[in-house]
Amino acid sequence: MKAMIKNIKKFKELVNLNKDIKDEITLLFDSEGLHIRTLDRSHVIFLLENISKEFFEEYEVDIVEVCCIDLAELSDILKRIPDKGSLEIATDDMNYFSLKYLDK
């Protein structure tokens with residue numbers, strides 16, 4: 001799976017909004033796009049966000065990929081990344097999740 005984010009600022013906002021609701025989220029990548037699923041901290045509200053593959057500059061998914069992410073850690077990483085450029089999210093054959101910042 002490989003997805004290239006064209007609008008890093010919006011992705012940061014999405015992460016920060018979810019970080020205030022929950023510590024961890026499940027990211028599901030399929031042929032339609034990215035789906036975020038989580039319960040709030042009190043386990044009362046189930047949140048489901050669908051992000052169309054058109055949000056991404058590049059989007060390649062061969063099989064459904066599920067990744068569980070610690071939002072505080074992801075937010076800390078994203079704070080260090082400028083809003084310009086591109087951000088690549090990928091998984092490899094061993095199911096390792098990676099973020100790669102690319103700038104011209």
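These legends describe close-up views of a predicted model.

**View 1. The largest nonpolar core.** This core holds 24 residues. F11, L27 and F29 touch the most other members. Helix 1 (8-19) supplies the largest share, four residues. Each of several other elements gives at least two residues. Among them are strand 1 (2-5), strand 2 (24-30), strand 3 (33-39) and strand 5 (56-60). Strand 6 (65-70), helix 2 (71-79) and strand 7 (86-91) also contribute at least two each.

**View 2. The surroundings of F29.** F29 is one of the core residues that touch the most other members.

**View 3. The cysteines C67 and C68.** The model has zero disulfides. C67 is in none, and the nearest cysteine sulfur, that of C68, is 7.8 Å away. A disulfide needs two cysteine sulfur atoms within 2.5 Å. The sulfur of C68 therefore lies too far from that of C67 for a bond, at 7.8 Å. The two residues also fall in separate burial classes: C67 is buried, at 7% relative accessibility, whereas C68 is exposed, at 62%.

**View 4. A nonpolar patch on the surface.** L39, F46 and L48 form this patch. Together they have about 280 Å² of accessible area. L39 lies in strand 3.

**View 5. The backbone at H43.** H43 sits in the loop between strand 3 and strand 4 (46-52). Its phi is near 60°. That is a positive value in a residue other than glycine. H43 has a relative accessible area of 51%. The exposed class begins over 50%, so H43 is exposed.

**View 6. I77 and L17.** I77 is found in helix 2. At 40% relative accessibility, I77 counts as partly exposed. I77 and L17 are 60 residues apart in sequence. In space, their C-alpha atoms are 15 Å apart.

Technical notes:
Residues numbered from 1 in each chain as written. Predicted model: local features only at pLDDT ≥ 70, side-chain atom pairs only at ≥ 80, totals over all residues. Heavy atoms only, no water. Buried < 20%, exposed > 50% of the residue type's maximum accessible area, 1.4 Å probe, protein only. Core = buried A, V, L, I, M, F, W, Y, C linked by side-chain atoms within 4.5 Å. Patch = residues over 30% accessible without salt bridge, like charges linked within 9 Å, V, L, I, M, F, W, Y side chains within 5 Å. Areas by Shrake-Rupley, 256 points an atom, 1.4 Å probe, with all protein chains shown as cover. Salt bridge = Lys/Arg side-chain N within 4 Å of Asp/Glu carboxyl O.
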